[in-house]
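Here is a short note for a colleague opening this model for the first time. Please read the points below with the structure on screen.

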Amino acid sequence: MRKAPELLAPAGSLEMMRTAFDFGADAIYAGQPRYSLRVRNNSFSTIGALKEGIDEAHARGKQFFVVSNIFPHNAKLTTYLADMAPVIELKPDALIMSDPGLIDMVRETWPDQAVHLSVQSNTVNWAAVRFWKKLGLTRIILSRELSLDEVAEIRQQCPDIELEVFIHGALCIAYSGRCLLSGYFNHRDPNQGSCTNSCRWDYKVSSSDKPGETLNQPVQFYSHPDQEILLEERQRPGELMPIEEDEHGTYIMNSKDLRAIEHVQRLVEIGVDSLKIEGRTKSPYYVARTAQSYRQAIDDAVAGRPLDPKLLSELEGLANRGYTDGFYQRHHDADYQNYLRGHSESERSLYVGDAVRFDEVRGLMEIEVKNKFTVGDRLECVHPAGNHVWQLLRMENKAGEAITVAPGSGHRVWVDLPALYTKSFVARFV
């Protein structure tokens, strides 16, 4: 049996943390808005919330990592140690940090506190890993820009320090998070935690001689250097922004999302210590699906079983911008691409609601609706004890009247789902 790597999941709230643990995560990471790179959708703004999370994680035999990976300006240095003192008292399993100055302050003040180096520090070689180890760090989160072979070489050169890599989630269209688009457009600095994900907005491209008219043909920037190209964001009509491209490309458009489940087996063989899912601002359904899928992939890899193709389609059902395996494998052959595409497009599903309470009198499950579904649909409930697929044959409204359509978010309906699946997530096959 190979060594099983830790499955590390994101948590923007206690509900997300509990969901991650229920669905197989070994550890979660969360952070205070002031000192981590996630200000929005972050419920861990108080010491009380952090304490509840850390205590509960430890009671379940799990780990809780506190993210403190901001790149601070001078003003935040004056408050950092005082603000972090009560956090350290809660005994988090590690701090995830990126700024050398803050790391130095923590190492001097709390030398026994484990520190993990954030991906924001862009560690791409084994010499850098050795450098950080000399400073007392216990784990390095490697940059997303590495190939599998490069990760393997770092493991071989640095066998005595923990290594962590990302396996799923959003990718920055910049060097592992070092992006300035949000700060330029909205004066909200990505490296201060307030990124607006400007790279993911809906842009149209036009030429300067026809402003506002979308180009139907690919833009040949480099072969026509005199052609001015303008970007227009959907929510800002009329605000035309010039963009440039050289022989290396243009980097202002959004990236596909990372999905590297097909590489879990190789990462297990390499001996990576932790596999990390991105997404602290995502939903509990997202963390349930990803944790469940990667838990199975890890368990199968450790036991020597091949990847189960259904895991590809389960992840395809999550909201995504298309998937890529990032830089892990530079070139894919046609057979490999067809394999991934074929399995991803079969048995796709859409999140449609939460099973919140079983009504003993009706013998029906109350569903908080998130997206439209109808009687006759093939549904799946995603539950820690195991998923359940069934065809919906009965649905009622609050008054007990038979209905055929659950219209969408904001509605509640009652369906023929057994009590066992209370607190599950419901998805519709599409």
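How many cavities of 30 Å³ or more does the count come to? The count comes to 1 cavity. The model is a predicted one, so please read every point with that in mind.

1. The cavity. The largest cavity has a volume of about 40 Å³. His168, Gly169, Ala170, Asp257, Lys282, Tyr286, Ala319, Asn320 and Tyr323 line the largest cavity. By class, the residues of this lining are 4 nonpolar, 3 polar and 2 charged.

2. The chain as a whole. The protein chain has 11 helices and 22 strands. It has 430 residues, and buried residues make up 51% of them. Take the contacts between residues at least 6 apart in sequence: 67% of these join residues at least 24 apart.

3. Strand 14 (residues 349-359) and strand 22 run antiparallel and are joined by 5 bridges.

4. Helix 1. This helix spans residues 14-22. Which of its residues are buried? They are Leu14, Met16, Met17, Thr19, Ala20 and Phe21. These buried residues pack against strand 1 (6-10), strand 2 (27-31) and strand 3 (63-68), among others. Their partners also include helix 2 (47-59), helix 9 (284-303) and strand 22 (425-429). Gly24 follows helix 1, and its phi is positive, near 115°.

5. Lys91. Please check the backbone here. Phi of Lys91 is near 60°, a positive value in a residue other than glycine. Lys91 sits in the loop between helix 3 (74-89) and strand 4 (94-97). Is Lys91 buried or exposed? Lys91 counts as exposed because its relative accessibility is 61%, and the cut-off for exposed is over 50%.

6. Lys423. Here too phi is positive in a residue other than glycine, with a value near 70° for Lys423. Where is Lys423 found? Its place is the loop between strand 21 (412-415) and strand 22. At 61% relative accessibility, Lys423 counts as exposed.

Definitions and conventions. Residues numbered from 1 in each chain as written. Predicted model: local features only at pLDDT ≥ 70, side-chain atom pairs only at ≥ 80, totals over all residues. Heavy atoms only, no water. Buried < 20%, exposed > 50% of the residue type's maximum accessible area, 1.4 Å probe, protein only. Helix = DSSP H or I, 4+ residues; strand = E, 2+ residues; numbered from the N terminus. Contact = heavy atoms within 4.5 Å. 1 Å grid on protein atoms, 1.4 Å probe; cavity = no way out; pocket = protein on both sides within 12 Å on 5 of 7 lines; lining within 4 Å. Points joined across faces, edges and corners; volume = space filled by probe spheres on them. Nonpolar A, V, L, I, M, F, W, Y, C, P; charged D, E, K, R; others polar. Pairing = 2+ DSSP bridges.
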